[in-house]
Amino acid sequence: MQTTPPQVRPEQRTAPDAYVRDWVRDIRAGDWQVDAVLGFCFGCVYAASIAEQVTRWQQPAPLVILFDPLLTGTGFLIREAQRALGQFTPLFSADEAEQARLRTAGAARTGPDGVLATAIALAAEYRDIGAVAFARLGLREARGQEMLRIFDAYLSWLSVAGQIDPGPVWRDATAVVSNDYLNLARQEPAVSAASRLLGRTAAADASHADLLRSEPAARVFLKHVQARA
């Protein structure tokens, strides 16, 4: 099954149902009984959307288990864009690097569509700033366009998630959270906003990076799956 995120640009304003359409279509075409839907990080938002759609034709509803769930916000988008552009710092003068930082910071938008609008603005900034960096690197145009598509797809992955309300599903789900997640609960908006929507949480003694391969997380997962069976 193809699990690669759709290769769409933020400015295409792809609706959540259209974004997950291929994933859901493959599930239904396979005529499978879906026992559980798992999500990790921002993928937990899409897990909620997929579970809701599966429930339209299947009962009982699938079990939903989340691992370090996060919610998208404009601040996170800005930081991710600055991190991506920071890779070009050796190619820029100090003044150029500072201007790039200020331009991405200035891309923040507010309002009901703030996350999507911010993603659209950041995609434009990345294209402009990236074009200069690619030229200085001597990249072929095709390679530069490939890098732009990758970043556009990542921004879309984050911004479409910002259009989904996972709350109703998350309140009935089980969230397995790492030590890092618990430590960031009061500092990182992507974590604190998500944690307020969670129903049941279970702590796993592991880092965020190791969560999905940790024995504590596996034990929690098996406990809930066996209880459901």
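**Close-up views of a predicted model**

**Figure 1. The lining of the second largest pocket holds 7 nonpolar residues, 1 polar residue and 1 charged residue.** In these classes, Ala, Val, Leu, Ile, Met, Phe, Trp, Tyr, Cys and Pro are nonpolar, Asp, Glu, Lys and Arg are charged, and the others, Gly among them, are polar. The model is predicted, so that local features need pLDDT of at least 70 and side-chain atom pairs count only at pLDDT 80 or more, whereas totals for chains, interfaces and linings use all residues. Residues are numbered from 1 along each chain as its sequence is written, and side-chain values use heavy atoms, with hydrogens and water left out. The lining of this second largest pocket is made up of Arg-83, Ala-84, Gln-87, Phe-88, Tyr-126, Met-147, Ile-150, Phe-151 and Tyr-154, and helix H3 (74–86) and helix H6 (141–161) are the elements that contribute two or more residues to it. Helix H6 gives the most to this lining, with 4 residues, and the space in the pocket comes to about 200 Å³. A pocket is an open set of points on a 1 Å grid over the protein atoms alone, with protein on both sides within 12 Å along at least five of seven lines, while a cavity is a set where a 1.4 Å probe fits but cannot get out; lining residues have an atom within 4 Å of a point. Volumes are the space filled by probe spheres set on the points, which are joined across faces, edges and corners.

**Figure 2. The largest cavity has a volume of about 30 Å³.** A search of the whole structure finds 1 cavity of 30 Å³ or more. Val-8, Arg-9, Pro-10, Arg-13, Thr-14, Leu-116, Ser-156, Ser-159 and Val-160 form the lining of the largest cavity, which by class comprises 4 nonpolar, 3 polar and 2 charged residues. The largest share of that lining, 3 residues, comes from H6. Ser-156, which is placed in helix H6, counts as buried because its relative accessibility is 1%. The cut-offs for relative accessible area are under 20% for buried and over 50% for exposed, with partly exposed in between (1.4 Å probe, protein chains only). When neighbours within four places in sequence are left aside, Ser-156 is in contact (heavy atoms within 4.5 Å) with Val-8, Arg-9, Pro-10, Tyr-19 and Tyr-46.

**Figure 3. Helix H6 is covered in part by H1, H2, H3 and H5.** The buried residues of H6 are Gly-144, Leu-148, Phe-151, Asp-152, Ala-153, Leu-155, Ser-156, Trp-157, Leu-158, Ser-159, Val-160 and Ala-161, and what covers them includes helix H1 (16–29), helix H2 (43–55), H3 and H5. Helices (H or I, at least four residues) and strands (E, at least two) are DSSP runs, numbered from the N terminus. At 1.5 Å a residue, the 21 residues of H6 should span 30 Å, and the end C-alpha atoms of H6 are 30 Å apart, which agrees; the expected span is 1.5 Å times one less than the number of residues.

**Figure 4. Helix H5 carries a kink of about 30 degrees, centred on Gly-130.** The bend at a residue is the angle between axes fitted to the seven residues ending there and the seven starting there. The 24 residues of H5 (residues 114–137) should span 34 Å at 1.5 Å a residue, and the end C-alpha atoms of H5 are 33 Å apart, which agrees. Just after H5, Gly-138 adopts a positive phi of about 80 degrees.

**Figure 5. Ala-203 is placed in strand S4 (residues 200–203), and Leu-102 in helix H4 (residues 94–105).** Ala-203 is exposed, with a relative accessible area of 57%, and, leaving aside neighbours within four places in sequence, Ala-203 is in contact with Val-177 and Leu-182. The C-alpha atoms of Ala-203 and Pro-216 are 8.3 Å apart in space, the two residues being 13 residues apart in sequence. Leu-102 is partly exposed, with a relative accessible area of 40%, and the C-alpha atoms of Leu-102 and Gln-82, which are 20 residues apart along the chain, are separated by 9.3 Å.
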